[in-house]
Structure formats: structure tokens, C-alpha cells
Amino acid sequence: MTKVLTYKYDGPRGAPVMKADASAARVDTGSWRVNRPVIDLSKCIKCHMCWLDCPDGAIYLDKDGKPHVDYTFCKGCLVCANECPVKCIAVEAEKK
Ligand code: SF4
Ligand code: SF4
């Protein structure tokens with residue numbers, strides 16, 4: 001049975017978050033993940049490419065414009081890591 005989550009607004013998101021059943025907003029897509037992106041904020045230039053290109057809106061910006069990954073909704077596609085121009089998003093194996 002699909003696990004339904006309550007979506008919590010925690011900052012601007014780059015992709016529209018649909019409210020339909022089975023959308024990323026309602027499903028814990030993080031449970032699918034094999035690898036996880038880890039952002040090194042000390043090297044981040046705040047270009048927001050990761051935020052714009054994440055297909056699930058799983059990256060949000062804090063009040064200083066720094067990106068953070070919401071691991072409940074990050075499915076580990078690693079688009080963000082590929083798009084980051086300064087390669088400050090590392091790929092780490094998921095520990096289950
Ligand atoms: S790995 Fe994919 S789903 Fe997760 S934050 Fe990056 S682009 Fe979004
Ligand atoms: S793409 Fe890289 S440099 Fe740009 S905001 Fe995201 S983590 Fe920072």
C-alpha cells in the first residue's frame with residue numbers, strides 16, 4: 001500500500017510539486033535510493049542549478065540561498081550531482 005506523507009513547506013523548491021496520488025509530494029521516494037547526493041556547502045557558489053534541475057523538487061533553499069536535500073523525497077537520480085558546475089555534490093552509497 002502506498003505510504004502517504006504530509007508535505008511540509010520548508011523553503012522554495014525548483015520543480016512543481018504535484019499533489020496527485022503517487023506524486024513525489026505524497027510518496028517517500030527516498031526509500032528507493034541506492035546512492036545519495038551530499039552537498040559540500042563550503043564549495044557551493046549558489047548557482048541553484050541543482051535546485052532548478054531536480055525533477056522531484058527535493059532540493060530546497062534556505063534563507064541564505066543555500067541548497068539542501070530533503071532526503072524524504074530525494075530518489076537518488078543524481079541529476080543534481082551531474083549538473084553542479086563546481087562538482088560540490090558528492091555521491092555516497094546509501095546505508096540501509
Ligand atoms: S539525486 Fe535526484 S532527486 Fe535527489 S536531490 Fe538530486 S536531482 Fe533531486
Ligand atoms: S549546483 Fe552546486 S554550486 Fe550550484 S547551488 Fe547546487 S550545490 Fe551549489
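A residue counts as near a molecule or strand if its C-beta atom, placed from the backbone, lies within 6 Å of it. By this criterion, 13 residues surround ligand 1, the closest being Cys-54, Cys-74, Cys-77, Val-79 and Cys-80. The structure is a predicted model, in which local features need pLDDT of at least 70 and side-chain atom pairs count only at pLDDT 80 or more, while totals for chains, interfaces and linings use all residues. Residues are numbered from 1 along each chain as its sequence is written, and chains are lettered from A and ligands numbered from 1 in the order in which they are written.

Around ligand 2 there are 14 residues, of which Cys-44, Cys-47, Met-49, Cys-50 and Cys-84 come nearest. The table divides both shells by class; Ala, Val, Leu, Ile, Met, Phe, Trp, Tyr, Cys and Pro count as nonpolar, Asp, Glu, Lys and Arg as charged, and the others, Gly among them, as polar.

| Shell | Composition |
|---|---|
| Ligand 1 | 10 nonpolar, 1 polar and 2 charged residues |
| Ligand 2 | 11 nonpolar, 1 polar and 2 charged residues |

Most residues other than glycine have a negative phi. Leu-78 has a positive phi, near 70 degrees. Leu-78 belongs to the loop between strand 3 (67–69) and helix 2 (79–83); helices (H or I, at least four residues) and strands (E, at least two) are DSSP runs numbered from the N terminus. With 16 other C-beta atoms within 10 Å, Leu-78 is partly exposed, a class between buried (20 or more such atoms) and exposed (12 or fewer), with C-beta atoms placed from the backbone.

Lys-87 also has a positive phi, near 55 degrees. The loop that holds Lys-87 runs between helix 2 and strand 4 (89–93). Lys-87 is exposed, because 10 other C-beta atoms lie within 10 Å.
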